[in-house]
Amino acid sequence: MTREEALDSVKDNVESKNLVKHMLATEAIMRTLARRFSEDEEEWGLTGLLHDIDVELTEGDMNSHSKLGSDLARELGASETMAHAILCHNEAHDVPLETNLDKALFCADPLTGLIIAAALVRPDKKLATLEAGSVRKRFKEKGFAAGADRQQIAQCSELGLELDEFIKLGLKAMQKIAADLGL
Ligand SMILES: [Fe+2]
């Protein structure tokens with residue numbers, strides 16, 4: 001599967017522009033993490049890009065979400081490793097995180113939401129001027145972007161990453177694609 005094929009399929013299955021942006025942001029962080037750990041950048045990036053492809057199709061049914069997604073990813077040519085990461089990013093299935101790819105997707109997913117929310121409360125609403133330190137402060141504010149699960153983000157430790165480094169890497173990754181994110 002090429003990146004273009006993956007993105008086309010995402011756009012075919014997802015109407016929400018914000019959800020597509022969330023998947024682009026996740027892809028960007030996953031690519032950066034892959035480089036950081038000398039893993040397969042294409043495999044990690046495409047896993048991030050596809051991970052929520054079924055959200056609208058499953059209409060909020062958490063028992064189906066990510067099962068269908070992993071099947072769709074397989075149909076597109078994703079490896080079993082990729083399909084497994086997509087499956088277990090939804091905790092409802094109780095499938096343990098095994099590979100580094102599983103662990104990376106699990107913690108990268110909610111970090112995108114925290115970073116986007118931190119950018120949106122800035123006067124210029126831009127990622128370019130957002131600093132990692134201020135994302136770190138927002139991380140500690142429980143009421144801020146409460147949907148961005150802090151425990152899940154903090155599981156970057158499972159990859160051997162300190163939270164500060166993870167936030168820095170994630171922010172840089174998203175700043176590079178700020179135009180695509182409209183931020
Ligand atoms: Fe997600």
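Is Glu59 buried or exposed? Keep that one in mind for a moment, everyone. What we have here is a predicted model, and I'd like to walk you through a few spots in it.

So, back to Glu59. With a relative accessibility of 70%, Glu59 counts as exposed. You'll find Glu59 in the loop that runs between α3, residues 41-50, and α4, residues 67-76. Glu59 also has a positive phi, about 45°, even though it is not a glycine.

Let's move to Leu19, which sits in helix α2, spanning residues 17-36. Leu19 has a relative accessible area of 14%; the cut-off for buried is under 20%, so Leu19 is buried. What does Leu19 touch, leaving out residues up to four places away in sequence? The answer is Val14, Asp52, Val55 and Glu56. As for Glu59, our opening residue, 40 residues separate it from Leu19 in sequence, and the two are 13 Å apart in space, C-alpha to C-alpha.

Next, a pair of helices. Please find α6, residues 100-120, and α9, residues 163-176. Their axes come within 10 Å and cross at roughly 70°. Angles of 65 to 115 degrees count as roughly perpendicular, so that is how α6 and α9 are arranged relative to each other. The crossing of α6 past α9 is right-handed.

Which residues meet there? From α6 we have Cys107, Ala108, Leu111, Thr112, Ile115 and Ile116, and on the α9 side Phe166, Ile167, Gly170, Leu171 and Met174. By type, this contact has nine nonpolar residues, two polar ones and no charged ones.

One of those names, Phe166, brings us to the core. The largest nonpolar core holds 57 residues, and Leu33, Leu127 and Phe166 touch the most other members. The largest share of this core comes from α6, with eleven residues. In soluble globular proteins, nonpolar side chains tend to be buried together.

Finally, a closer look at Phe166. Setting aside its neighbours within four places in sequence, Phe166 is in contact with Ile29, Leu33, Cys107, Ala108, Leu111, Ile153, Cys156 and Leu161.

Technical notes: Residues numbered from 1 in each chain as written. Predicted model: local features only at pLDDT ≥ 70, side-chain atom pairs only at ≥ 80, totals over all residues. Heavy atoms only, no water. Axes fitted to C-alpha atoms, helices over the stretch in contact; angles between N-to-C directions. Helix = DSSP H or I, 4+ residues; strand = E, 2+ residues; numbered from the N terminus. Parallel < 35°, antiparallel > 145°, perpendicular 65-115°, else oblique. Left-handed = near helix turned anticlockwise from the far one by under 90°. Contact = heavy atoms within 4.5 Å. Nonpolar A, V, L, I, M, F, W, Y, C, P; charged D, E, K, R; others polar. Core = buried A, V, L, I, M, F, W, Y, C linked by side-chain atoms within 4.5 Å. Buried < 20%, exposed > 50% of the residue type's maximum accessible area, 1.4 Å probe, protein only.
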